[in-house]
Amino acid sequence: MDYDAVEIHEKNILALRSFLLQGPQAWVPLQDEVQKDDETAAGYMSLLLGAFNVAVGRRFSPTYTVGEIVRFVADLRIKAEEDADLINTLVAEDMIRRAVGAPPLKDGGPDDLTAVLNAEVYILLALVAEADFDRAGLEQFIEDATAYTQEWLAVQRAGSSGAGTPESP
């Protein structure tokens, strides 16, 4: 991936806001735009990942227990009812652990992009619902997610230029 070409544009931020307010169906009209090319898709997906990391960090950092993570994922699957099978337990737990800097699971589950995306979406939407943001709180969350994503992209760009292998911010 050429991270030098990946940028976060206002349309990415608008899409994230719509997604957080309306859920996954908000992305359906944007699907052609999101998939226009690799860099455009990476901009949307990077912002989604940034929002995920910010939400997980707010919920579980600075202190957490493995039991809290396991319980959160179990509760998430229970609330998902008939969609529970879309949330791979190991993938979800591993993603949360990585976001808070905990050692990853030895077996984080399948390396299936769909399983990762499903876990990311369900966890993010659950954490946003749990936070019960007012309008200002949601806007602050989106600003924080955007800033986090831009920092992460800068680290990726520095890594691709041969400046070492940076860690996620």
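**View 1. Asn53 sits in helix α3, which covers residues 38–60.** Helices here are DSSP runs of H or I with at least four residues, strands are runs of E with at least two, and both are numbered from the N terminus. This is a predicted model, so local features need pLDDT of at least 70 and side-chain atom pairs count only at pLDDT 80 or more, while totals for chains, interfaces and linings use all residues. Residues are numbered from 1 along each chain as its sequence is written, and side-chain values use heavy atoms, with hydrogens and water left out. Is Asn53 buried or exposed? With a relative accessible area of 15%, Asn53 is buried (buried is under 20%, exposed is over 50%, partly exposed is in between, using a 1.4 Å probe and protein chains only). Setting aside residues up to four places away in sequence, Asn53 touches Ala99 and Tyr148, where contact means heavy atoms within 4.5 Å.

**View 2. Here's the whole protein chain, with seven helices and zero strands.** Reading from the N terminus, the elements go α-α-α-α-α-α-α. The radius of gyration is 16 Å, close to the 15 Å that the globule rule gives for 169 residues, so the chain is as compact as a globular protein of that length. That radius is taken over C-alpha atoms, and the globule rule is 2.2 Å times the number of residues to the power 0.38. Along its principal axes, the C-alpha trace spans about 40 × 35 × 30 Å. Of the 169 residues, 39% are buried. Take the contacts between residues at least 6 apart in sequence: 69% of them join residues at least 24 apart. The accessible surface comes to about 9400 Å², and 52% of that belongs to carbon and sulfur atoms. Accessible areas come from the Shrake-Rupley method with a 1.4 Å probe; for residues, only the protein chains shown count as cover.

**View 3. Helix α4 (residues 66–80) meets helix α6 (residues 113–131).** How do the two axes cross, and at what angle? They come within 11 Å and cross at roughly 95°. The two helices are therefore roughly perpendicular to each other. Axes are lines fitted to C-alpha atoms, for helices over the stretch in contact, and angles run from 0 to 180 degrees between N-to-C directions. Angles under 35 degrees count as roughly parallel, over 145 as roughly antiparallel, 65 to 115 as roughly perpendicular and the rest as oblique. On the α4 side, look for Phe72, Leu76 and Ala80; α6 brings Tyr122, Ile123, Ala126, Leu127 and Glu130. Sort the residues of this contact by type and you get seven nonpolar, no polar and one charged. Ala, Val, Leu, Ile, Met, Phe, Trp, Tyr, Cys and Pro count as nonpolar, Asp, Glu, Lys and Arg as charged, and the others, Gly among them, as polar.

View 4. Most residues other than glycine have a negative phi, and most peptide bonds are trans. Between Ser61 and Pro62 the peptide bond is cis, with omega about 5°. Pro62 belongs to the loop between α3 and α4. Glu81 has a positive phi, near 50°, and isn't a glycine; you'll find Glu81 in the loop between α4 and α5 (89–99). Glu81 is exposed, at a relative accessible area of 58%. Asp132 also has a positive phi near 50° in a residue other than glycine. Asp132 is in the loop between α6 and α7 (135–160), and counts as exposed at 63% relative accessibility.

**View 5. Ile13 is in helix α1, residues 10–22.** At 14% relative accessibility, Ile13 counts as buried. What does Ile13 contact, leaving aside its neighbours within four places in sequence? The partners are Ile8, Leu47, Ile142 and Thr146. Ile13 and Gly43 are 30 residues apart in sequence, with their C-alpha atoms 9.9 Å apart in space.

**View 6. Asp94 is part of helix α5.** Its relative accessible area is 7%, and Asp94 is buried. Val70 is 24 residues away from Asp94 in sequence and 9.9 Å away in space, C-alpha to C-alpha.

**View 7. Gly159 lies in helix α7.** Gly159 counts as partly exposed, at 25% relative accessibility. How far apart are Gly159 and Tyr3 in sequence and in space? The pair is 156 residues apart in sequence and 9.4 Å apart in space, C-alpha to C-alpha.
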